[in-house]
Amino acid sequence: MTKAQIIQHHQQFMNWVQTLGDLSEPQWRAPISHEKWTVAEVIGHLIPWDEFVLHKRIPYFLTGETLPAAPNPKVVNELGAKDARREDYQVTIRRFLSTRRQLLEEIGQIEAHYWEQEITIGTTTIRLSDYFTELAKHDNHHADQIKAIL
């Protein structure tokens, strides 16, 4: 995806998450599938990952420095899900939107010549554009799960 497409994705995804504020409490707390997370937990788990990209990826992408190791996904996912389980849906949505806006602003600041630059994460080398494309696919995967139950 191009930088413009990534930006458009984030804007559309944020708009869609805002519409989840119209859900009833039972819908917000409904699992997306048998023995799976609730809508709240799915949205909640995106917040710490956005923070990780903001603070532990983007600054390093632009310097060529070695990227910090990724945290344990189970731990990060559970932290985000746990917060969403205990807080009001409006708080979760607000936190998500705030963090995602920051991420969108940072992506917007990335100069075009970096977009096709290769980055190495662990033993994997990919273009920066592909990294952000994969994150967008992750968003879309979860959006599809949520849309399927609404």
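Which residue caps the N-terminal end of α6? I looked there and found Asp88, with a side-chain oxygen 3.0 Å from the backbone nitrogen of Gln90.

I noted the basis next. This is a predicted model, where local features need pLDDT of at least 70, side-chain atom pairs count only at pLDDT 80 or more, and totals for chains, interfaces and linings use all residues. Residues are numbered from 1 along each chain as its sequence is written, and side-chain values use heavy atoms, with hydrogens and water left out.

**Helix α6**
I took helices as DSSP runs (H or I, at least four residues), numbered from the N terminus. α6 has 21 residues and reaches 30 Å from first C-alpha to last, close to the 30 Å expected at 1.5 Å a residue. That expectation is 1.5 Å times one less than the number of residues. I listed its buried residues (under 20% relative accessible area, 1.4 Å probe, protein chains only). Among them are Tyr89, Thr92, Ile93, Phe96 and Arg100.

**Glu87**
I found Glu87 in the loop between α5 and α6. Why does Glu87 count as buried? Its relative accessibility is 11%. The Glu87 side chain makes a polar contact with the Thr92 side chain at 2.7 Å. For such a contact I required N or O atoms within 3.5 Å, one able to donate a hydrogen and the other to accept it; residues adjacent in sequence count only if both atoms are side-chain atoms. Leaving aside neighbours within four places in sequence, Glu87 is in contact (heavy atoms within 4.5 Å) with Arg29, Thr92 and Arg95.

Definitions and conventions. Helix = DSSP H or I, 4+ residues; strand = E, 2+ residues; numbered from the N terminus. Buried < 20%, exposed > 50% of the residue type's maximum accessible area, 1.4 Å probe, protein only.
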